[in-house]
Amino acid sequence: MSNSFTRTSGTSVNDTSILDTPILHAEGLTKRVASGERQLTILSELDLTVLPGESVAILGRSGVGKSTLLGLLAGLDTPTAGELSLFGQALSELDEDGRAMLRAGRVGFVFQNFQLLPSLSALENVLLPLELSPRAGEEGTAKDWLNRVGLGERVTHLPKQLSGGEQQRVAIARAFVANPELVFADEPTGNLDPHTGATVIELLFSLNQQERTTLILVTHDHALAGRCDRCLRLEEGRLVEFDPSEVTA
Amino acid sequence: MKAPTLRLAARGLKRDLRAPDVRALFIALVLAVAASTMIAFFLDRLDRGLERQAGQMLGGDLVLEQSEPFSPELRQALIDAGLVLSDQVDLVSMISREDRFQSVSLKVVDDVYPHYGVSHVDLGEGVEEVASGPAAGEAWIDPRLRELVDLKLGDQVQIGQTELRVSGIIEREADQSGGFSSFNPRVMMNIADLEATGLVQPGSRVEFEILAAGPPEAVNRLDDRLAQLRREGVEVRDVRQDRPQLGNALERAESYLGIAGLAAVLLAGVAVAMATRRYVERHLDTAALLRCFGATQRQLVHIFTLQLAGLALAASLLGALLGVLGQALLLRLLSAFLPMSLPAPGIMPLWLGMLTALAVLVGFAGPTLLRLKRVSALKVLRRELDPLPPSAWLVVSVACGVFGGLLWLYSGSITLALGLLLGGIMVLSVLWGVGAALLALLLRGIQALPKGGEWTQALRLGGRQLARRRQAGLGQLLAFSITFFAMAMIVLVRGDLLTTWEAQLPADTPNYFAINIQPGEREGFDAAIADSVEAQSSLYPMVRGRITAINGQPPREAVPEEARGDNALRRELNLTWQAEVPEGNRVVAGEWFDGWQADATASETAYSQGGSGWTAAVDAESQPPPVPVSMEDGLAQRLGLALGDQLTFSIGSDEVRTKITSLRDLNWDSFRPNFYVIFPPGVLERYGHSYITAFHLPKEEQGILPELVSEFPGVSLLNVDAILGQVRDVLTQVTRAVELVLGLVLLAGISVLYAALTASRPVRAHESGLLRVFGAGNRMISRIQGAEFALLGLASGLLAAVLAELATAVLYMFLLDLPPRLHIELWLVLPLGAALLIGVIGHALSYSLRRQAPAASLGLLGEA
Ligand SMILES: Nc1ncnc2c1ncn2[C@@H]1O[C@H](COP(=O)(O)OP(=O)(O)O)[C@@H](O)[C@H]1O
Ligand SMILES: [Mg+2]
């Protein structure tokens, strides 16, 4: 069931957007960190181009450097070497604040551990990116989004009063509320049981499709990857394209 | 960008009000503001009240006095400057009724009198407040004249060549102007009757005064003219210089209050620093997430600054409100020393309060808060990426800098501020070491307790918890021990020290002073008490004189600035003459007048110059050498005088030139008559004088007092016991006021405890969770926490006892010259009381933590 869904949607999106300029482009991306005495190369000379509207899955074992890559792509961190541009803007030309301003309102995030602020209600958590967006919306928008993820009745609840799946749904609403062009998701089902994970993924993909957002999804779940337009595997610091239907998880 | 930042900040603050660290921050700021504004409000009111009282005491904002009438031109100049004038004439004269005569001090007032305040006068229907002087044809009299010349309301009294009707008995005059001899009873009359008395004659000693009232600007405008008048020999007094000095007790209280208030601010600052650490830790995630969603560093700074500024503003308002209430309470506690009603509180202290809150926030929280700005967005992906906490050195130096600034602001002196700061740092470092040693010793002792009951177990575990947070624990230990020490000192000074001091006085220390014994009564009085008294000092002759020149200059210009308002210059001094150094006096510099002889050939007027103005100036040739005098060392130091300095005294109607030839040290608590200035025999005898003596009258002999009073109505008897009682009252009131502020200091200390608790919350929850997993019940965990704080209290109490014992020992040895004694009660009450207080408070404050513990142990299970 999931496979057919991905195929059809993926193809259509791909067809309409193939001529657009890439929303994200990385070339020769390298990340080395100091690990005790020696240098640890996590990413080496990695290339990646993502077009608007695409959904891209990045797979890899735990500890291979997926989160590190995501951090670089979102401009949260700087590469040791290589060029990276986001929304057509070279990130190396920007300082940390410049990169933050570039993200504001245009990039959404979903994290493995949800990252909801514990002292904020569901609604307040969703409002957070709106407050920083230049296209600042109203509380109504945030409530709409909570409705769309099926939590319209839980707006005043604090994260600790919500289950893991519900918390991740709040996080998804938060990722989409500012109407972003690009959504990063780092193992969004990693902390959820398989059934809950499946519903959360369903939600993520359907919203992504409705909003025509570009999605970059990091996961170690092959089934999940199969629903994306393209699948890439991170191995020894580089990305390798593969067809998930050829590998059985 | 601004609007969303503001909105975010506002929302954040609203949500945060639930968080314990924000509450701790808020409470600490409120306390800092309350303590500082309470004292600032009080001192501000006191200051303005004193200014006003000065005007009332002087009789006006500007008072001119000379021995001849003032020129119309001068009057016009004063009026033009914007002053309202009132004329007054003072002279010493005789009044008579039937065959009785009495010398009185006449105060002749006009219809404008008094500018300020009211007189308390019995006009026939009890004492009432009267805002005028006597009408023409009438006189108001001192109650003493009732006995002295048998005057009653309604009687006619002869003054000079006229008769006036007694229409009032003066209880208290509105002002204290125009009294050159407070020994003579007062008679007040209207200026309309002055001419008819015929008392103003060339050669008679008359003072003409203009009392002028008006705004400070009016007086300022006249500065040049006043300087000129001074040079012409006119006595000029104005409120800007003649502010009355606070009584010693009140002045001490003022500085104690100031120091205690700043101690509260300091403690609150420490609480702020501790709470901020937790606040920042709690907000690192928010900051990282906001960074991730696109917030710039500036926006982050704005958001958190706005939040905290909002918090500080709210705290300032609440704190200032508490400050206003507190100062009202202070005022009531100190009411006995405040002879006046103070003006309403002003607005200035409110600004001071806000400034204090901001300064405390910036100084004690600033460096820690900057950590929020430096947070990396990557933290959302990698939890462990927390920005480094600021170095302890940075935090401490910024806090010291800001606190030093506050000290400067409040004390108004940079040297004092620096001294207090450096001294404070030194004392704190020493105490830090002593406290650490004491705590280590105590904790080792606890661990050595035999294993046994649940309580010892709780104590051992509580002790271990305290040991694990030694730095924070030590900070609280110092905060509490200093507070308890200050409280103990207050109680000791009020009780123990005064009692001990009194007890060490010889049993025959004089308990009565008799003053105003007329030369003719001298022998009679001596005989009357001889059989009853146990010890009596000799009779000292006493003459009153005012210092009118120092080395030829007006006294006010010749002394250091801070001595200008000294009572010794404002009032007449009691002068005496003695051939020998009096008992209890010691010459510390120069020579006693042995061998000095009054020049036998010098005529009566040769030593003196005639009352200025009325007689022609005596030419320099005929001036005799100045009279040698001996001055009390303390006064000489205060006035900046040394051997060889020349003083001119106005005595009776003469000016007497003197030269300081010796300085004396004297024992003020001997309860013997003591004199600032002593003349050699042969100079003062010709002036009107009375005698003073002191004696010890045992309780069983006090029956002779009524007899004594009726036999010598002019003699005043002062009971030393009553004066000591007053001293005790004063001490009680001052210490109450200081205690009130110390209460605030204690609260600030508790806010440190609360802040430390919030800072250590996660760790504590983790510990309690573990204990629970290992099988500790609710009761056990509760006991362990109680034990931890009780131990903290015990250690603070012990340290406080050590400090208090040391401080009293020093006071005993150096101030009272007594062997120090051990205060066993101190060693019991302080540690046990502190253990109980801190134990109970800490236990109560950690209540919500205990409720969290089950959740924490669940979390531990999940971790495994
Ligand atoms: N700043 C860093 N310092 C040291 N090691 C790091 C740093 N960033 C990443 N690593 C290491 O690089 C590896 C990749 O981490 P990560 O990107 O989180 O992997 P994944 O998300 O694929 O599980 C891990 O072994 C991690 O410990
Ligand atoms: Mg990862």
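Are A:Glu187 and A:Lys66 buried or exposed? In this predicted model, both A:Glu187 and A:Lys66 are buried. The two residues also form a salt bridge, in which the closest N and O atoms are 3.7 Å apart. A:Glu187 sits in the loop between β7 (182-186) and α7 (194-211) of chain A, while A:Lys66 belongs to helix α2 (residues 66-73) of chain A, so the pair ties together parts that are 121 residues apart in sequence. Side chains of opposite charge can pair when their charged atoms come close.

Over all chains, a search of the whole structure finds 28 salt bridges. One of them joins B:Asp87 to B:Arg75, with the closest N and O atoms 2.7 Å apart. Because B:Asp87 is in strand β2 (residues 84-97) of chain B and B:Arg75 is in helix α3 (residues 72-80) of chain B, this pair ties together parts 12 residues apart in sequence. B:Asp87 is partly exposed, at a relative accessible area of 21%, and B:Arg75 is partly exposed too, at 24%.

In chain B, a salt bridge also connects the side chains of B:Arg165 and B:Glu138 (3.2 Å, N to O). B:Arg165 is in strand β8 (residues 162-172) and B:Glu138 in strand β6 (residues 138-141), 27 residues apart.

The axes of α4 (residues 122-132) and α6 (residues 164-176) of chain A come within 7 Å and cross at roughly 30 degrees. Angles under 35 degrees count as roughly parallel, so α4(A) is roughly parallel to α6(A). Their crossing is right-handed.

Definitions and conventions. Residues are numbered from 1 along each chain as its sequence is written. Chains are lettered from A and ligands numbered from 1 in the order in which they are written. This is a predicted model: local features need pLDDT of at least 70, side-chain atom pairs count only at pLDDT 80 or more; totals for chains, interfaces and linings use all residues. Side-chain values use heavy atoms; hydrogens and water are left out. Axes are lines fitted to C-alpha atoms, for helices over the stretch in contact, and angles run from 0 to 180 degrees between N-to-C directions. Helices (H or I, at least four residues) and strands (E, at least two) are DSSP runs, numbered from the N terminus. Angles under 35 degrees count as roughly parallel, over 145 as roughly antiparallel, 65 to 115 as roughly perpendicular and the rest as oblique. A crossing is left-handed if the near helix is turned anticlockwise from the far one by less than a right angle, and right-handed if clockwise. A salt bridge is a side-chain nitrogen of Lys or Arg within 4 Å of a carboxyl oxygen of Asp or Glu. Buried means under 20% relative accessible area, exposed over 50%, partly exposed in between (1.4 Å probe, protein chains only).
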